[in-house]
Amino acid sequence: MSEEQAAVYRSISGGPRAAGPQLFALTDSEGRLRGPFNAMLLSPPVGAALQTVGAAVRYRSSLSDRVREMAVLLVAAHWASTFEREAHEAVGRACGLAEEELASLRSGVLPDVTDPDETTALRTTASLLRSGSLDDDEYRTAVSAIGERGLFELTTLVGYYSTLALQLRVFAGEEGRPRPPAP
């Protein structure tokens with residue numbers, strides 16, 4: 001690895017994702033980054049910025065842990081992203097998501113939640129995935145429930161995890177293993 005790549009590697013493997021309980025492995029048995037993270041080393045400037053966005057979405061967001069993880073799991077279901085689904089189901093369980101909720105999300109179905117703000121956040125996520133936008137009523141409802149900051153963070157989350165799903169398909173395959181080098 002170049003020094004730039006090594007710096008990105010260290011920021012991922014030693015940053016907030018590595019702190020606390022490890023609910024999914026960041027590296028494989030050979031020390032390579034798993035899932036979407038290894039591809040971030042291909043362009044250190046972009047990879048560093050992308051992983052910083054991901055850390056902000058995951059660790060510094062105003063969204064509740066439950067809303068965040070349910071939204072991530074809806075994105076994973078939408079893009080059929082096995083790695084993200086498996087990783088974030090583990091995180092979701094730690095955040096208190098019930099198995100019935102996880103099963104619904106796995107199928108891309110909004111779970112039956114009792115909190116009206118969670119319901120709005122999930123409907124907003126589904127609209128973003130379906131059409132890439134919100135109509136005026138959806139916008140007002142979302143801002144009323146989670147605020148403008150929360151809506152900004154939710155749209156960023158949907159975009160970030162959609163980007164990861166694409167990068168997983170192209171650079172790692174769905175198993176999250178790095179592809180062999182090009183000839």
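This is a short chat about a predicted model of one protein chain.

User: What are the ground rules for this model?
Analyst: It's a predicted model, where local features need pLDDT of at least 70, side-chain atom pairs count only at pLDDT 80 or more, and totals for chains, interfaces and linings use all residues. Residues are numbered from 1 along each chain as its sequence is written, and side-chain values use heavy atoms, with hydrogens and water left out.

User: What does the chain average for pLDDT?
Analyst: The average is 89, and 90% of the residues score at least 70; pLDDT is the predictor's confidence in each residue, from 0 to 100.

User: How many helices and strands are there?
Analyst: 7 helices and 0 strands. These are DSSP runs numbered from the N terminus (helices: H or I, at least four residues; strands: E, at least two).

User: Which helix has the lowest confidence?
Analyst: H1, at a mean of 89, while H3 is highest at 97.

User: Switching topic, how many residues are in the largest nonpolar core?
Analyst: 43, and Phe24, Tyr160 and Tyr161 are among those with the most contacts inside it. A nonpolar core is a set of buried Ala, Val, Leu, Ile, Met, Phe, Trp, Tyr and Cys residues joined through side-chain atoms within 4.5 Å. Buried means under 20% relative accessible area, with a 1.4 Å probe and protein chains only.

User: Which helix gives the most to that core?
Analyst: H7, with 12 residues.

User: And what does Phe24 touch?
Analyst: Leaving out residues up to four places away in sequence, Phe24 touches Phe37, Arg58, Phe83, Ala87 and Val91. Contact here means heavy atoms within 4.5 Å.

How values were computed. Buried < 20%, exposed > 50% of the residue type's maximum accessible area, 1.4 Å probe, protein only.
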